[in-house]
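Please consult the sequence and structure displayed below while reading.

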Amino acid sequence: MMKRVLCLAVCMAAVLLGVGESHAETVVNGSINLDTTWTVEDGPYILNSTVSVNTNATLTIEAGVEVRVSDANNSYELRVLSGGAIIAQGTSEAPIVFQSNGQGSAGAWEGLRVEDGGALLLRHGVVRHADFAIRLINPTSSEITLEDIAIETFNSRGVIATSGGGFTMSRVM
């Protein structure tokens, strides 16, 4: 009887503490053609190739989501094409993290890339292990807002815009 009570107590503690709980992992490749939301419950999101958010598609990334990019090929990036958008609004308690899925060295993946006409709203985020953390390509007609962003362990530059254009950037370190 005592063994059963002890076993029941251990099992209840494991359930309450989440021991043995598995988290989902979602592998993403290719193009996002429809409005899509990445959630904490389905994360982390593993990018095994360059992933493009195409025209008329919006990728919404919830607070606390982790995006890991395979470093098998350091040219992989998360790309927003003209007419596409990423809305990624983390919080100070639950930032959105973009990083390498491997050992985490600088330049392990290319970074976030926004083409002219694309939109990026990134608040309370961390970008690490990239070559160019955030690259804005001719952002003359892009809508870009970067707020409360930490850029860590990058290879070339933190944020780069290849030509004129306006974007909002505050508290980017």
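## Terms and basis

A residue is called buried when its relative accessible area is under 20%, exposed when that area is over 50%, and partly exposed in between, using a 1.4 Å probe and protein chains only. The model is predicted, so local features need pLDDT of at least 70 and side-chain atom pairs count only at pLDDT 80 or more, while totals for chains, interfaces and linings use all residues. Residues are numbered from 1 along each chain as its sequence is written, and side-chain values use heavy atoms, with hydrogens and water left out.

## Salt bridges

Side chains of opposite charge can pair when their charged atoms come close. A salt bridge here is a side-chain nitrogen of Lys or Arg within 4 Å of a carboxyl oxygen of Asp or Glu. The whole structure contains 6 salt bridges.

Another bridge joins E77 to R79, at 2.5 Å from N to O. Is E77 buried or exposed? E77 is buried, its relative accessible area being 4%, whereas R79 is partly exposed at 23%.

## Pair E152–R128

E152 and R128 are linked by a salt bridge whose closest N and O atoms are 2.9 Å apart. E152 belongs to strand 12 (residues 143–152) and R128 to strand 10 (residues 119–128), so the pair ties together parts 24 residues apart in sequence. Strands are DSSP runs of E with at least two residues, numbered from the N terminus. Both residues are partly exposed: E152 at 31% and R128 at 21%.

How values were computed:
Helix = DSSP H or I, 4+ residues; strand = E, 2+ residues; numbered from the N terminus.
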